[in-house]
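I opened my notebook for a look through this structure. Here is what I looked up, entry by entry.

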Amino acid sequence: MDHSFYKSTGISLVSGALLIILTMVLHPSGGSITHIIQISKTITIAHSLAICSLPIVLFGFYGLTMRILDRWKLSVLAFITISFGLIAAMFAALFNGLVLPYFLNQYADRLEENINVLKPITNFSFAINIPLDYIFIVACCMAILIYSIIIIIERKLPKWIGYLGIGITLFAIIGGLTGFVFTSLTGFRMFTFSIAFWILSSGSLLIISSKSSK
């Protein structure tokens, strides 16, 4: 692969990670239907950024996949896995970040008379979001674990990024076994920030490796 390809995909990983971090900083806490309507613009902006970041991140992961491609082609499995996770993240952002605020805003002037209908719909939207979040979390952990093991074995990137990925995965496993709620805003932020840091670091190493391969 040409070094320019690794540079562009590395930049994509770095850019995508920064967009993810910005999304989580802007991401407001949930609340009542009235509160969701009041902060609907912020919710829409935050989740629009999240959706925009996903193809950028995926392109970056394609470069990482090619950079550490092993003889078993397991990095392709990691790429397919992270793709499933990002698709789940896209649907979660779409339902709760774009569709729900838009839908509720249609009833902003007549909330009282429609509250009994809107509450079940809002609860259903949140119920859809939880399994999508878990698909994203599990897929990210599986993909990063595979990438990390390949990096450590093949040594095509510095081994510390592999150990960092394994550490993040162990953190998620321990959190899951001890009942830590990753789907709460605090839990999801902690997980997402750790994933974003790994993506940011991987992108930086991809850019560095592109320079050394000239």
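**Entry 1: the largest pocket**

I started with what lines the largest pocket, and by class I found 24 nonpolar, 12 polar and 1 charged residues. I keep in mind throughout that this is a predicted model.

Next I looked up the volume of the largest pocket, which is about 810 Å³. Its lining has 37 residues, and those closest to the pocket centre are His27, His47, Asn129, Asp133 and Phe188.

Which helix gives the largest share of this lining? I noted H4, with 8 residues. Helix H1 (3-26), helix H3 (40-67), helix H4 (74-105), helix H5 (111-154) and helix H7 (185-212) each supply at least two residues.

**Entry 2: the second largest pocket**

I then turned to the second largest pocket, where the space comes to about 160 Å³. The elements that give two or more residues to its lining are H5 and helix H6 (159-177). H5 gives the most, with 6 residues.

I wrote down the residues that line this pocket: Tyr134, Ile137, Val138, Cys141, Met142, Leu145, Thr169, Ala172, Ile173 and Phe182. By class they divide into 9 nonpolar, 1 polar and no charged.

**Entry 3: helix H6**

At 1.5 Å a residue, its 19 residues should span 27 Å, and I found the end C-alpha atoms 27 Å apart, which agrees.

Which residues of H6 are buried? My list has Ile161, Gly162, Gly165, Ile168, Thr169, Ala172 and Gly175. These cover an arc of only 155° around the axis, so they sit on the same side of H6. On the face turned away from that buried side I found the exposed residues Ile174 and Leu177.

Two of the buried residues, Thr169 and Ala172, were already in my notes as part of the lining of the second largest pocket. After H6 comes Gly179, and I noted its positive phi, near 85°.

**Entry 4: a salt bridge**

Last, I looked for charge pairs. Side chains of opposite charge can pair when their charged atoms come close. How many salt bridges are there? I counted 1.

The partners are Arg71 and Glu154, with their closest N and O atoms 3.6 Å apart. Arg71 lies in the loop between H3 and H4 and Glu154 in helix H5, so the pair ties together parts that are 83 residues apart in sequence.

Is Arg71 buried or exposed? Its relative accessible area is 61%, and over 50% counts as exposed, so I put Arg71 down as exposed.

Key: Residues are numbered from 1 along each chain as its sequence is written. This is a predicted model: local features need pLDDT of at least 70, side-chain atom pairs count only at pLDDT 80 or more; totals for chains, interfaces and linings use all residues. Side-chain values use heavy atoms; hydrogens and water are left out. On a 1 Å grid over the protein atoms alone, a cavity is a set of points where a 1.4 Å probe fits but cannot get out, and a pocket is an open set with protein on both sides within 12 Å along at least five of seven lines; lining residues have an atom within 4 Å of a point. Grid points are joined across faces, edges and corners, and a volume is the space filled by probe spheres set on the points. Helices (H or I, at least four residues) and strands (E, at least two) are DSSP runs, numbered from the N terminus. Ala, Val, Leu, Ile, Met, Phe, Trp, Tyr, Cys and Pro count as nonpolar, Asp, Glu, Lys and Arg as charged, and the others, Gly among them, as polar. The expected span of a helix is 1.5 Å times one less than its number of residues. Buried means under 20% relative accessible area, exposed over 50%, partly exposed in between (1.4 Å probe, protein chains only). The arc is that of the directions from the helix axis to the C-beta atoms. A salt bridge is a side-chain nitrogen of Lys or Arg within 4 Å of a carboxyl oxygen of Asp or Glu.
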